Amino acid sequence: MDAKEFCEFGKATLEYMADYTENLRDRNVLPSVKPGYLNELLPREAPIKGESWKEVLKDVERVIMPGVSHWNSPHFHAYFPTGNSYPAIIGEIVSAGIGCIGFSWMSSPACTELEVITMNWLGKMLNLPEEFLNCSEGPGGGVIQGSASEATLICLLAAKERTTRRLKEEHPDWNDATIKSKLVAYASDQSNSSVEKAGLLGSMTMRLLPADEKCRLRGSTLLEAMRKDEEAGLVPCYVVATLGTTGTCAYDCLDELGPICNENNVWLHVDAAYAGAALACPEFRHLMPGIKFADSFSFNPHKWMLVNFDCSALWVKNSRYLIDAANVDRVYLAHGHEDKAPDYRHWQIPLGRRFRSLKLWFVMRIYGVEGIQKYIRGSVKLARYFENLVRYDNRFEIVADVTLGLVCFRIKGDNSLTNELLERLTARRQIYVIPATYMGKTIVRFVVCSQNCEEKDVEFAWNEITTQTTEIFKSQIEASAVLEDRSIEIRTIITEKPLENLTDKLLDLEITSSVKNSPTIS
Ligand code: PLP
């Protein structure tokens, strides 16, 4: 492919993607394909002769799109948002075009230096404590990871290294293996699955402690668990506090957990994967007090800050611990400028790294802080609008406080009603929402995800939800009516037929528990 063809291909692809984005509303948010669908559409072997780019691009629509779940559709309300915007996509193209691997300053100075600068911009925008920034006097700094999962794992490894060094000084007769077998990590039972996984991959016991009735991890719960472990000869090492839990967007009580961790030499990592972006707006900062106690803080611009996956921001107060945990040097990696700029390979799991700061830079420059704040506030406003719609209909109840872009609700009454609603919505593929559980109750999580979501999309979703709910209640009423008819029949049987026929007749009636539990409709 020469440059001329590259430009034609690029232009056609950008036009196709712009058209895709602008008309996403018209596609079903979920695909209807069955597992293995693509095998039917693509050949078993790679083509021997190269094909034209036009054929390939046509096949994106023909074979790929039918199997895509449209995460950026304004009708996608599941999980948490995945960031997307035109400036970020272009940043990604430039990054791919340059195609450098920035494992050290020398391997591509701009790659390291732009990351340092954008992470400082970002940290200041969120109003993080100075100590976290590369531009502060101390050893703190920010780095872009591929995911919040990696951030949690790399900080666990740093915490392990820090504690091991400390214990070796305190107990010169203990060896590494003895120390590492004693270390314990803690998080709440509401933390993301990636937190438990970090414990697994990092070979550290991860205790998932019970959250309170607001789904928050409290200081007293942590302290009790730590004391119990210490009595058993174990050593508390690492705590992951979540700001904005995946289930209900709850906030662990950092101002209680922080002092406990600081006083006990326990590394406190904050996972604010989704909610962290809201710190860009001063009015949401009160939701997340106590960040100053943390040793590390991470959030995902690739969730709620318009940057496409992957771009997870991590700051640490002392980068030395990361470097100690992950520093493996070779002569071919040395370059003589090590003390002047970070060699980011020590701050992450892989050696190679992409030029991810470009997309962050494009987004921050083209939207500006004000544009990002406007976007965050817009999502919260739409969530409040949806919350009001739910509150207005007394068939439903709101579960958990609505603080940002997530609304948790359910149909009042038995869980089977909400389960049926979820099943119907998924089968119809018009909107996408997913369940969670809250104190034993099934709930629907409704998240304002797409950057293109508007009031009319919230109304579309609400219409879909209420129509399906009405259908559920209608079928309940019909079933109740059948039941009523049958009970007249039973009375007739009881009065007219001999007793031995009664059991068989009753079994015919197929009385289900969901019908018996049917709520009244107001
Ligand atoms: N932490 C929280 C609170 C999350 O909600 C999620 C994903 O939704 C993650 C971590 C995992 O994020 P990532 O996919 O970037 O690892």
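Student: Which residues of helix H5 are buried, and what makes a residue count as buried?

Tutor: A residue is buried if its relative accessible area is under 20%, exposed if the area is over 50%, and partly exposed in between, with a 1.4 Å probe and protein chains only. In H5, the buried residues are Cys111, Thr112, Leu114, Glu115, Val116, Thr118, Met119, Asn120, Leu122, Gly123 and Met125. Please keep in mind that this is a predicted model, in which local features need pLDDT of at least 70 and side-chain atom pairs count only at pLDDT 80 or more, while totals for chains, interfaces and linings use all residues. Residues are numbered from 1 along each chain as its sequence is written, and side-chain values use heavy atoms, leaving out hydrogens and water.

Student: What makes H5 a helix, and how does its reach compare with the expected 24 Å?

Tutor: Helices are DSSP runs of H or I with at least four residues, strands are runs of E with at least two, and both are numbered from the N terminus. H5 covers residues 109–125 and has 17 residues. The expected span is 1.5 Å times one less than the number of residues, and the 24 Å from the first C-alpha of H5 to its last is close to the expected 24 Å. After H5 comes Asn127, with a positive phi near 65°.

Student: Against which elements do the buried residues of H5 pack?

Tutor: They pack against strand S1 (141–145), S6, helix H11 (301–304), S7 and helix H13 (357–392), where contact means heavy atoms within 4.5 Å.

Student: How many aromatic pairs does a search of the whole structure find, and are the rings of Phe80 and Tyr274 stacked or tilted?

Tutor: The search finds 18 aromatic pairs. The centres of the Phe80 and Tyr274 rings are 4.0 Å apart and their planes are at 5°, so this pair is stacked. The rule is that rings of Phe, Tyr and Trp (its six-membered ring) pair if their centres lie within 6.5 Å, with planes under 30 degrees apart called stacked, over 60 edge-to-face, and the rest tilted. Phe80 is in the loop between helix H3 (53–64) and helix H4 (86–98), and Tyr274 in the loop between strand S5 (267–271) and strand S6 (296–299), so the pair ties together parts that are 194 residues apart in sequence. Both Phe80 and Tyr274 are buried.

Student: Is the pair of Phe297 and Trp315 stacked or tilted?

Tutor: Here the centres are 6.2 Å apart and the planes stand at 40°, so the pair is tilted. Phe297 lies in strand S6 and Trp315 in strand S7 (residues 312–316), so the pair ties together parts 18 residues apart in sequence. Phe297 counts as buried at 0% relative accessibility, and Trp315 is likewise buried, with a relative accessible area of 0%.

Student: What sits over the ring of Phe80?

Tutor: The charged end of Arg445 does, 5.0 Å from the ring centre. A charge sits over a ring if NZ of Lys or CZ of Arg is within 6 Å of the ring centre and within 35 degrees of the ring normal. The charged end of Lys182 sits over the ring of Trp174, 4.8 Å from its centre.

Student: Is Arg25 buried or partly exposed?

Tutor: Its relative accessibility is 24%, so Arg25 counts as partly exposed. Arg25 is placed in the loop between helix H1 (3–22) and helix H2 (37–41). Leaving aside neighbours within four places in sequence, Arg25 has contacts that include Pro74, His75 and Asn452. Arg25 and Pro74 are 49 residues apart in sequence, and their C-alpha atoms are 6.3 Å apart in space.
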